[in-house]
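User: I am new to reading protein models. Can you walk me through some features, one at a time?

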Amino acid sequence: MNQKHCDTNTSEGVFITFEGGEGAGKTTHIRFLAEKLRARGREVVCLREPGGTDIGEKLRAIVLDPANKVMADETELLVYEAARAQIVAEVIRPALARGAVVLCDRFADSTIAYQVCGRGLPRAFVEQANAFACQGITPDRTILLVTGGSARKGLARATHRLGADRLEQAGEEFHTRVNEAFLELAEAHPERIRVVRSAEQKAKTAERVFRELADLFPWMNDVVDDPAFFQQLNRRRPSGHSNSGRKGQPSGKGAQKAHHTKGGAKGGGTPGKAAQGNGSQGTHGGARGNDAHGAPKNTRGSEGGRSCGRCL
Ligand code: ATM
């Protein structure tokens, strides 16, 4: 997948991922962005990883269930990759081919940060597994939201209402390594991964997110110069945002597959699969230039990149 410049009237799909440690605000900013893109007439598909498909949500429930204490790190990796392979084949690739904007809460960078730098699995193998699961699909842009605070604070923010899932229970040191790994990935891939501080007001963070995407959507240059647009984001929750759904409970519009509550699998509950529309399932639009499964081109695995020091 190549970097490109696009606007609302083109039919080329755009793939944007959001990454970051726990409690960084990915859900909120994906929703703000989705609303604005939809208002400009784009089909927007919001997804999360793991999840976003029936199969993926079941895998999410397994991998995050705190009861699965015996899960080996190798198993954990393969579950994430299995969920990714499914969402790429079933949702992301067709959506991009239709010309949709796909916004995904986490993608393959998370696997480097959590399974390589967090768990200590071998980087070369994980990169290959990522490449296999991604099937040639690479984000056009990745927004890395960072709070600047300690991993402990982020975890506290993420878990205070619903309790910690299996990954969140991995401990502060683990999550500190993960946060450092994300920053190192951003340093290694500055064109694709843009670091956005999310410590301040939502409006300021949203403005920064939009600025980092304005080369992909030139009309955003006007939006970022309109403080009123961002100020009103501070005053409200984005539409459709569910604050009540326990992770694991469907909420939102009840559509299958694409999701975007924080729902699903926290504590091993029923997989959540509510929320943002996949939109129509039309097949117009050019195919992304992807090879068949297993023959990726321009995947993360080929991006190189620095290690976090513990990863190689
Ligand atoms: P969310 O809580 O952001 O929905 O993500 C689920 C967890 O899965 C998250 N955990 N924490 N803490 C990050 C983790 N994860 C991985 O460990 N590897 C991956 O490849 C992905 C996509 C997520």
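Analyst: Start with pairing. Two strands pair if DSSP finds at least two bridges between them. This is a predicted model. Here, strand β2 (residues 44–48) runs parallel to β3, and five bridges join them.

User: Which residue stands opposite Val101 in β3?

Analyst: That is Val44.

User: In which sense do β1 and β3 pair?

Analyst: They pair in the parallel sense, over five bridges. Phe15 stands opposite Val102 in β3.

User: Why is β3 described as largely enclosed by the rest of the structure?

Analyst: Count neighbours. A residue is buried if 20 or more other C-beta atoms lie within 10 Å of its own. In strand β3 (residues 101–105), five of the five residues are buried, so the rest of the structure largely encloses it. Check each face. Val101, Leu103 and Asp105 are buried on one side, Val102 and Cys104 on the other.

User: How do I read a helix?

Analyst: An α-helix has 3.6 residues a turn, so residues three or four places apart point the same way. Now take α7. Helix α7 (residues 172–188) has 17 residues. From first C-alpha to last it reaches 24 Å, close to the 24 Å expected at 1.5 Å a residue. Its buried residues include His175, Val178, Phe182 and Leu185.

User: What covers the buried residues of α7?

Analyst: The cover includes β1 (14–19), α4 (108–118) and β5 (193–197), among others.

User: Which element gives the largest share of the shell around the ligand?

Analyst: Helix α4 does, with four residues. Ser110, Thr111, Tyr114 and Gln115 are among the residues surrounding the ligand. By type, the shell divides into four nonpolar, three polar and five charged residues.

Definitions and conventions: Residues numbered from 1 in each chain as written. Predicted model: local features only at pLDDT ≥ 70, side-chain atom pairs only at ≥ 80, totals over all residues. Helix = DSSP H or I, 4+ residues; strand = E, 2+ residues; numbered from the N terminus. Expected span 1.5 Å × (residues − 1). Buried ≥ 20, exposed ≤ 12 C-beta atoms within 10 Å, placed from the backbone. Contact = placed C-beta atoms within 7 Å. Near = placed C-beta within 6 Å. Nonpolar A, V, L, I, M, F, W, Y, C, P; charged D, E, K, R; others polar.
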